[in-house]
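Trainee: Before we talk about anything specific, could we put the sequence and the model on the screen and then work through some questions together?

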Amino acid sequence: FGSSQRHFGSKFLTSPACQRVGAICGARMGAVKSFRLKMLLAKKIKQNRPLPQWFRMKTGTKIRYNKFRRHWRRGKIGV
């Protein structure tokens, strides 16, 4: 990438404030997390799974897939 431009998705993070605090702008996340944030991330990990096969059989395949599945790079949580 360029000298002072950092590409994230479709946005260029060029402001000095965004470069100083990249975590707020979504560029990166630090290793130190609060307990509440860690619990939120753990819940999002648990939610991000396919439907169990027994549930598909129970509903008669009316519900075929988990429409809230999230890809780690495409769908962001917003924390």
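**Surface, rings and fold**

Mentor: In this predicted model, Met 29, Leu 40, Ile 77 and Val 79 together make a nonpolar surface patch of about 310 Å².

Trainee: Is Ile 77 buried, partly exposed or exposed?

Mentor: Ile 77 is found in the segment after α4 (53–58), and it is one of the residues of the nonpolar patch. Since buried means under 20% relative accessible area and exposed means over 50%, the 33% of Ile 77 makes the residue count as partly exposed.

Trainee: Which residues form an aromatic pair, and is their arrangement stacked or edge-to-face?

Mentor: The count comes to 1 aromatic pair, and its members are Trp 54 and Phe 55, with 6.0 Å centre to centre and 85 degrees between the planes. Planes over 60 degrees apart count as edge-to-face, therefore the pair of Trp 54 and Phe 55 is edge-to-face.

Trainee: What pattern does the chain follow along the sequence, and what percentage of its residues count as buried?

Mentor: The chain holds 4 helices and 2 strands, which, read along the sequence, follow the pattern β-β-α-α-α-α. The accessible surface comes to about 7,200 Å², with 58% of it belonging to carbon and sulfur atoms. Of the 79 residues of the chain, the share that counts as buried is 6%.

Terms used. Residues are numbered from 1 along each chain as its sequence is written. This is a predicted model: local features need pLDDT of at least 70, side-chain atom pairs count only at pLDDT 80 or more; totals for chains, interfaces and linings use all residues. Side-chain values use heavy atoms; hydrogens and water are left out. Rings of Phe, Tyr and Trp (its six-membered ring) pair if their centres lie within 6.5 Å; planes under 30 degrees apart count as stacked, over 60 as edge-to-face and the rest as tilted. Patches are made of residues with over 30% relative accessible area and no salt bridge: like charges are joined within 9 Å, nonpolar side chains (Val, Leu, Ile, Met, Phe, Trp, Tyr) within 5 Å. Accessible areas come from the Shrake-Rupley method with a 1.4 Å probe; for residues, only the protein chains shown count as cover. A salt bridge is a side-chain nitrogen of Lys or Arg within 4 Å of a carboxyl oxygen of Asp or Glu. Buried means under 20% relative accessible area, exposed over 50%, partly exposed in between (1.4 Å probe, protein chains only).
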